[in-house]
Amino acid sequence: MSVQSAIKRKTAPDLRVRKNGEPIVMLTSYHAHTAALVDKHCDAILVGDSLGNVMHGFETTVPVTLDMMILQGCAVMRGSRQALVVVDMPFGSYEGSKEQAFQSAVRIMKETLCGAVKLEGGARMAETVAFLSERGIPVMGHIGLTPQSINTLGSFRAQGREETNWAPIENDARAIAEAGAFSIVIEAVAEPLARKITQSIAVPTIGIGASAACDGQILVLEDMLGLSPRSPKFVRRYGNLGPAIEEAIAGYARDVKSRAFPGPEHVYEMKKS
Ligand SMILES: Nc1nc(=O)c2c([nH]1)NC[C@@H]1CN(c3ccc(C(=O)N[C@@H](CCC(=O)O)C(=O)O)cc3)CN21
Ligand SMILES: CC(C)C(=O)C(=O)O
Ligand SMILES: [Mg+2]
């Protein structure tokens with residue numbers, strides 16, 4: 001047996017039991033080489049539909065397709081070894097019916113061999129979450145700010161900042177948890193509500209802009225690396241890769257123009273005859 005196959009990947013149940021334990025560490029990744037780095041330090045990797053923004057320059061996640069998610073899901077699976085890989089179901093691939101969701105999720109699971117899928121939506125998606133979970137597909141929920149609904153929401157705004165708006169969001173969390181989701185992402189939700197939800201449901205909550213009260217955290221990798229030109233208020237920058245990359249590119253351009261690159265060490269000499 002190869003060393004690689006002897007390493008057991010984390011599973012959805014492994015994350016499920018982390019409720020109230022050591023916080024769950026998650027980041028996004030869309031490709032093999034970053035997946036390998038993320039894999040060393042994270043419990044789970046999300047192949048997020050934010051790849052539409054980050055890789056393709058779309059303004060929203062609405063244009064992202066199932067094929068795009070599967071292609072990048074395969075890349076992340078090849079690059080990673082131990083983390084649970086979760087693949088986002090893109091807009092339009094699951095909302096039509098629970099059967100449509102099952103078909104899309106099966107394609108993702110079979111073609112990428114990832115360990116779970118994630119879908120956006122609360123109470124209205126509960127039946128679908130149950131349908132998939134009961135048929136062997138671990139589902140991560142996603143409530144609060146749900147970016148795929150941008151066209152009905154109107155803007156990316158934090159949720160639950162007035163107590164009068166809490167009830168439907170609490171109800172969403174309860175519905176998805178009781179439907180069998182193994183974990184739930186809470187995005188851009190006021191701290192007291194995120195804490196209340198975390199304390200009231202049996203599965204771990206993964207926060208993004210939802211405070212340290214959650215059972216784990218996730219960020220978009222390029223945002224926390226300082227590679228995204230703009231990023232939401234909830235991002236802390238752990239690096240400043242944008243300027244570092246630009247400096248390297250500028251150095252290359254300078255050296256090509258002055259013929260300082262390639263140097264003698266990069267040149268193929270003739271074989272001695
Ligand atoms: N690169 C990236 N990072 C993300 O976190 C992310 C994506 N893309 N794409 C999908 C969704 C969209 N998300 C977003 C996008 C924008 C804001 C944002 O700009 N929020 C403003 C407040 C805007 C308002 O109040 O109108 C902020 O200041 O945080 C928040 C979450 C989170 N997700
Ligand atoms: C922001 C996270 C939770 C996400 O859904 C994504 O990256 O697509
Ligand atoms: Mg997403």
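**Stop one: a buried alanine.** Select A188. A188 counts as buried because 22 other C-beta atoms lie within 10 Å, and the cut-off for buried is 20 or more. A188 sits in the loop between β6 (183-187) and α10 (191-200). Now check its backbone. Phi of A188 is near 50°, a positive value in a residue other than glycine. Most residues other than glycine have a negative phi.

Before moving on, know what you are looking at. This is a predicted model. The chain has a mean pLDDT of 96, and 98% of its residues reach 70 or more. The model scores are ipTM 0.94 and pTM 0.96.

**Stop two: the segment after α12.** Select R259. This residue is found in the segment after α12. Phi of R259 is near 60°, again a positive value in a residue other than glycine. Is R259 buried or exposed? R259 counts as exposed because it has 8 C-beta neighbours inside 10 Å, and the cut-off for exposed is 12 or fewer.

Stay in this segment and select F261 and P262. P262 also lies in the segment after α12 (241-257). A cis peptide bond joins F261 and P262, with omega about -5°. Most peptide bonds are trans.

**Stop three: helix α12.** Step back into the helix and select P243. P243 lies in helix α12. P243 is exposed, because 10 other C-beta atoms lie within 10 Å. P243 and S50 are 193 residues apart along the chain. Their C-alpha atoms are separated by 22 Å.

Take D88 by itself. D88 is found in strand β3 (residues 84-88). How many other C-beta atoms lie within 10 Å of D88? There are 28, so D88 is buried. Leave aside its neighbours within four places in sequence, and D88 is in contact with L46, V47, G48, D49, M69 and K118. Show those side chains to see its surroundings.

Next, take E120. Where is E120? E120 lies in the loop between β4 (116-118) and α7 (126-133). E120 is buried too, because 24 other C-beta atoms lie within 10 Å. Beyond its neighbours within four places in sequence, E120 is in contact with H142, T146 and Q148.

**Stop five: ligand 2.** Select ligand 2 and show what is around it. The residues around ligand 2 are T28, L46, G48, D49, S50, D88, H142, V185, E187, I208, I218 and V220. Colour the shell by class.

**Stop six: ligand 1.** Finish with ligand 1. Which residues are the closest to ligand 1? They are S50, F156, V220, P232 and K233, out of 15 residues that surround this ligand. By class, this shell divides into six nonpolar, six polar and three charged.

How values were computed. Residues are numbered from 1 along each chain as its sequence is written. Chains are lettered from A and ligands numbered from 1 in the order in which they are written. This is a predicted model: local features need pLDDT of at least 70, side-chain atom pairs count only at pLDDT 80 or more; totals for chains, interfaces and linings use all residues. A residue is near a molecule or strand if its C-beta atom, placed from the backbone, lies within 6 Å of it. Ala, Val, Leu, Ile, Met, Phe, Trp, Tyr, Cys and Pro count as nonpolar, Asp, Glu, Lys and Arg as charged, and the others, Gly among them, as polar. Helices (H or I, at least four residues) and strands (E, at least two) are DSSP runs, numbered from the N terminus. pLDDT is the predictor's confidence in each residue, from 0 to 100. Two residues are in contact if their C-beta atoms, placed from the backbone, lie within 7 Å.
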